[in-house]
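Thank you all for coming. I would like to walk through one model this morning, starting with a helix, moving on to the cores, and finishing with the charged and aromatic pairs.

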Amino acid sequence: MPKGGPDGGDGGRGGDVVLICDGALRDLEPYRRRAHFKARRGGHGEGALRHGADGTALELRLPPGTEALLEHDGTRHDFVRDGQRAVVARGGPGGRGNKRFAGPTHQAPRFAERGLPGEETWITLRLKLLADVGLIGLPNAGKSSLLARLTRAAPKIADYPFTTLHPVLGTLEGDDRQLVVADIPGLIEDASAGAGLGHEFLAHIERTRLLVHVLDLSPLDGSDPVANYATVQRELELHDPRLAALPRILVLSKADLVDEQRRQAARTEWDARLGDNVPVIVTSAVSRDRFARTRR
């Protein structure tokens, strides 16, 4: 200040980067083509002891079911409810003006302090479906057909494997509540090790409460249904042992392609193999037939 002491104000603090769970969102499409996000910097300190304004926080909105992994410290945030927030990068402190450095022996300092840079990190976002029931099984086992019969969902259905490349959700209306059913794209051998889109498919199963294993009674490739069941079970255990322990139902699909005697034999065989803890249902999405043994 001319003919007077120092009067420089402090700089403002930089804005934080905040992740917010937004129940109105359904996917991570806004982050597909843009990878860098930066909060606003703090304002400069000015004369007459005017302090700079703090920078505005940058709010990044994510759909429910998103998992955010911070690279710099390995912190993991799980966003499951609307309004949930997490600060993932804090803004740097503002610099001090020259007024802060005035003292009895240094009454007219002609220097100030620069602000410090804020935190920065890479964040990996993974969206895991929030579904009550997950339909699992090998490619072309009949999951999409079953979902289309149970709900109003319209997944792609064809007579070749991997017609479903992304999980499809459907809603099943019950007497007292709604159930969200997810058609998880077909698992293959070594999916837990990343074969195909294994990790992406298996991640969506982690949040389900019940697994419905759809098993083709008459595979087009002539494979053994018992071996096919074991393949899917093994991949679940390798990915996360908790998944293998989830409650489940076995659905023997495409029953219209085999005769009545073979249907009965298959149901009896799987009842004996799995015991009373896993209900076995024989279905046909084409004829809409269903046959299940009553359990207590």
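When I say buried, I mean under 20% relative accessible area, with exposed meaning over 50% and partly exposed anything in between, using a 1.4 Å probe and protein chains only. Helices (H or I, at least four residues) and strands (E, at least two) are DSSP runs, numbered from the N terminus. Please keep in mind that this is a predicted model, in which local features need pLDDT of at least 70 and side-chain atom pairs count only at pLDDT 80 or more, while totals for chains, interfaces and linings use all residues. Residues are numbered from 1 along each chain as its sequence is written, and side-chain values use heavy atoms, with hydrogens and water left out.

Let me begin with helix H1, residues 143-150, where Lys143, Ser144, Leu146 and Leu147 are buried. Viewed down the axis of H1, these buried residues fall within an arc of 160° (taken from the directions from the helix axis to the C-beta atoms), so they line one face of the helix. The cover over them includes strand S7 (133-136), strand S8 (168-173), strand S9 (178-183), strand S10 (210-216) and strand S11 (248-253).

Now the cores. A nonpolar core here is a set of buried Ala, Val, Leu, Ile, Met, Phe, Trp, Tyr and Cys residues joined through side-chain atoms within 4.5 Å. The largest has 14 residues, of which Val17, Leu19, Tyr31, Leu60, Leu62, Phe79 and Val88 touch the most other members. Strand S1 (17-21), strand S2 (58-62), strand S3 (66-70) and strand S5 (85-89) each supply at least two residues of this core. Apart from it lies another core, of 13 residues, which includes Leu217, Tyr229, Ala255 and Val280.

What about charge? Counting a salt bridge wherever a side-chain nitrogen of Lys or Arg is within 4 Å of a carboxyl oxygen of Asp or Glu, the model has 12 salt bridges. In one of them, the side chains of arginine 96 and glutamate 113 meet at 3.0 Å, N to O. Both residues lie in the loop between S5 and strand S6 (123-127), so the pair ties together parts that are 17 residues apart in sequence. Arginine 96 is partly exposed, at 37% relative accessible area, and glutamate 113 is also partly exposed, at 34%.

Another joins arginine 209 to aspartate 132, at 3.9 Å, N to O. Arginine 209 sits in the loop between helix H2 (198-205) and S10, and aspartate 132 in the loop between S6 and S7, so this pair ties together parts that are 77 residues apart in sequence. Which partner is buried and which is exposed? Arginine 209 counts as exposed at 58% relative accessibility, whereas aspartate 132 counts as buried at 12%. There is also a network of salt bridges that links Glu59, Arg61 and Arg85.

Finally, the aromatic pairs, where rings of Phe, Tyr and Trp (its six-membered ring) pair if their centres lie within 6.5 Å, and planes under 30 degrees apart count as stacked, over 60 as edge-to-face and the rest as tilted. There are two such pairs in the structure. Tyrosine 229 and tryptophan 270 form a tilted one, 5.1 Å centre to centre with 55° between the planes. It links helix H3 (residues 225-239), which holds tyrosine 229, with helix H5, which holds tryptophan 270, 41 residues apart. Both tyrosine 229 and tryptophan 270 are buried.

How values were computed
Contact = heavy atoms within 4.5 Å.
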